[in-house]
Amino acid sequence: MAGICAGSLNSPISIVRPRLVSAAPGSADPVREYTTVLSPRAQVKTKGGSSEWSRVEINGRRVTHVFTIRFTRVPFDVRDMLQDPEGNLFAILQIEDVDEQHRWFRVYAAKLGDATAPAVQ
């Protein structure tokens with residue numbers, strides 16, 4: 001992929017797998033727990049402020065960020081989430097093996113909020 005070099009992967013992220021655990025004593029609300037699957041560095045591009053013509057939607061959800069990471073054989077998919085160092089969570093909408101060369105993954109994501117959000121709303 002032209003224009004990507006290891007030096008541009010300057011943002012640490014985590015790929016996390018959510019799961020619901022039982023509610024705390026005295027509460028009926030389940031709690032979401034996150035297990036780290038992978039902690040790569042990424043090139044991050046935002047899609048905010050783009051014109052109507054250049055917006056990207058996947059399955060009816062608007063892509064807000066595109067993360068580029070090195071190819072990995074560690075399995076992850078759209079059921080997992082991305083998390084930045086500030087605790088913001090991103091739903092993975094699509095994972096693309098760029099040019100099918102097994103060098104780069106482009107991960108299309110939508111910002112959800114932070115990890116302290118309730119599991120059920």
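Is Asp80 buried or exposed? In this predicted model, in which local features need pLDDT of at least 70, side-chain atom pairs count only at pLDDT 80 or more, and totals for chains, interfaces and linings use all residues, Asp80 counts as buried, at 2% relative accessibility. Residues are numbered from 1 along each chain as its sequence is written, and side-chain values use heavy atoms, with hydrogens and water left out. Buried here means under 20% relative accessible area, exposed means over 50%, and partly exposed lies in between, with a 1.4 Å probe and protein chains only.

The side chain of Asp80 meets that of Arg17 in a salt bridge with an N to O distance of 2.7 Å, a salt bridge being a side-chain nitrogen of Lys or Arg within 4 Å of a carboxyl oxygen of Asp or Glu. Distant parts of the chain are linked by this pair, since Asp80 lies in the loop between β7 (65-70) and β8 (81-83) and Arg17 in strand β2 (residues 14-21), 63 residues apart; strands, like helices, are DSSP runs numbered from the N terminus (helices H or I, at least four residues; strands E, at least two). In contrast to the buried Asp80, Arg17 counts as partly exposed at 38% relative accessibility.

By the salt-bridge rule the count comes to four, and another of these pairs joins the side chains of Arg19 and Glu33 at 2.8 Å, N to O. Arg19 belongs to strand β2 and Glu33 to strand β3 (residues 31-38), 14 residues apart, and this pair too links distant parts of the chain. Arg19 is partly exposed at 46% relative accessibility, and Glu33 is likewise partly exposed, with a relative accessible area of 33%. A further salt bridge is formed by Glu96 and Arg106, whose closest N and O atoms are 3.5 Å apart; Glu96 is located in strand β9 (residues 88-97) and Arg106 in strand β10 (residues 104-114), 10 residues apart. Glu96 counts as partly exposed, at 25% relative accessibility.

The strands that carry these pairs belong to an open sheet of eight strands, arranged in the order β1-β4-β7-β10-β9-β8-β2-β3 with antiparallel pairing, where two strands pair if DSSP finds at least two bridges between them. Because β1 and β3 stand at the edges with a single partner strand each, one side of each is left without a neighbour in the sheet. Within the sheet, β9 and β10 pair in the antiparallel sense over nine bridges, and Ala91 has Ala110 of β10 as its bridge partner.

Val107 is in contact, meaning heavy atoms within 4.5 Å, with His65, Val66, Phe67, Phe76, Leu82, Ile92, Gln94 and Ile95, leaving aside its neighbours within four places in sequence.

Ser8 is placed in the segment before β1 (11-12), where Ser8 counts as buried at 16% relative accessibility. Not counting residues up to four places away in sequence, Ser8 touches Ala42 and Gln43.
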